[in-house]
Amino acid sequence: MHDLAERELASADNASALVQEQILALLAALPDWELNCVEGIHRIERVYPFADFASALAFANRVGALAEEQDHHPALLLEWGRVTTSWWSHSLGGVHMNDLIMAARTERLFQSGESR
Ligand SMILES: C[C@H](O)[C@H](O)[C@H]1CNC2=NC(N)=NC(=O)C2=N1
């Protein structure tokens with residue numbers, strides 16, 4: 001997971017989305033994440049648990065800051081006690097290595113515990 005988090009995002013220009021087998025192989029490094037498909041578009045997702053709404057909101061804001069730094073953005077569903085975080089590349093209509101890297105960085109943020 002840490003190796004993935006340290007990688008730099010690459011330009012997705014002229015790239016194609018990863019196929020299911022590739023995504024599942026890469027998710028071995030992110031065991032709490034799963035591959036889902038919404039309206040035919042793959043995304044990788046994890047539900048993060050929190051003690052209350054304020055902690056969940058703080059985490060969502062930190063993920064948002066990470067996203068702004070990289071100009072690569074997740075879908076965040078903020079609820080009492082949890083944040084569902086979904087990464088995919090809109091421009092590709094699927095999952096790119098950049099999404100795996102951002103998921104690993106999200107994981108690192110959660111595990112740092114600073115937002116709880
Ligand atoms: C103009 C801007 O760079 C693009 O729209 C970026 C913004 N954030 C993005 N985030 C994600 N997840 N996928 C994209 O294709 C994307 N494109």
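These are my notebook entries on a few places I looked up in this predicted model.

**Entry: the ligand**

I began with the ligand and listed its neighbours. The residues around the ligand are D71, H72, H73, S89, H90 and S91. I then sorted this shell by class and found 5 polar residues, 1 charged residue and no nonpolar ones.

**Entry: W87**

Next I turned to W87, which sits in strand β4, a strand covering residues 82-87. Is W87 buried or exposed? I had 25 C-beta neighbours inside 10 Å for W87, and the cut-off for buried is 20 or more, so W87 counts as buried.

Who are its partners? Leaving out residues up to four places away in sequence, I noted that W87 touches R43, I44, P74, D99, M102 and A103. I also checked W87 against E21: the two are 66 residues apart along the chain, and their C-alpha atoms are separated by 17 Å.

**Entry: helices α3 and α4**

M102 turned up again when I looked at how helix α3 packs with helix α4. Helix α3 runs over residues 53-70 and helix α4 over residues 97-112. I read an angle of about 140° between these two helices, with their axes 11 Å apart. How should I label that angle? Angles over 145 degrees count as roughly antiparallel, and α3 and α4 are therefore oblique to each other. I noted the crossing of α3 and α4 as right-handed.

For the contact itself, I wrote down F59, R62, V63, L66 and Q70 on the α3 side. On the α4 side they meet M102, R105, T106, L109 and F110. By class, this contact of α3 with α4 holds 6 nonpolar, 2 polar and 2 charged residues.

**Entry: G64**

While in helix α3, I stopped at G64, which is placed in that helix. G64 has 13 other C-beta atoms within 10 Å, so I logged G64 as partly exposed.

**Entry: positive phi angles**

Most residues other than glycine have a negative phi. Which residues did I find with a positive phi, although not glycine? One is N14, with a phi of about 65°. Another is E39, with a phi near 50°.

I checked where each sits. N14 lies in the loop between α1 (2-6) and α2 (20-26). E39 is in the loop between β1 (34-38) and β2 (41-49). How many other C-beta atoms lie within 10 Å of N14? I have 5 for N14, which is why I call N14 exposed. E39 is exposed as well, with 5 other C-beta atoms within 10 Å.

**Entry: H96**

My last stop was H96, in the loop between β4 and α4.

Setting aside residues up to four places away in sequence, I found H96 touching A12, A15, A17, L18 and S89. S89 took me back to my opening entry, where S89 is one of the residues around the ligand. Finally I compared H96 with A56: they are 40 residues apart along the chain, with their C-alpha atoms separated by 26 Å.

Conventions: Residues numbered from 1 in each chain as written. Predicted model: local features only at pLDDT ≥ 70, side-chain atom pairs only at ≥ 80, totals over all residues. Near = placed C-beta within 6 Å. Nonpolar A, V, L, I, M, F, W, Y, C, P; charged D, E, K, R; others polar. Helix = DSSP H or I, 4+ residues; strand = E, 2+ residues; numbered from the N terminus. Buried ≥ 20, exposed ≤ 12 C-beta atoms within 10 Å, placed from the backbone. Contact = placed C-beta atoms within 7 Å. Axes fitted to C-alpha atoms, helices over the stretch in contact; angles between N-to-C directions. Parallel < 35°, antiparallel > 145°, perpendicular 65-115°, else oblique. Left-handed = near helix turned anticlockwise from the far one by under 90°.
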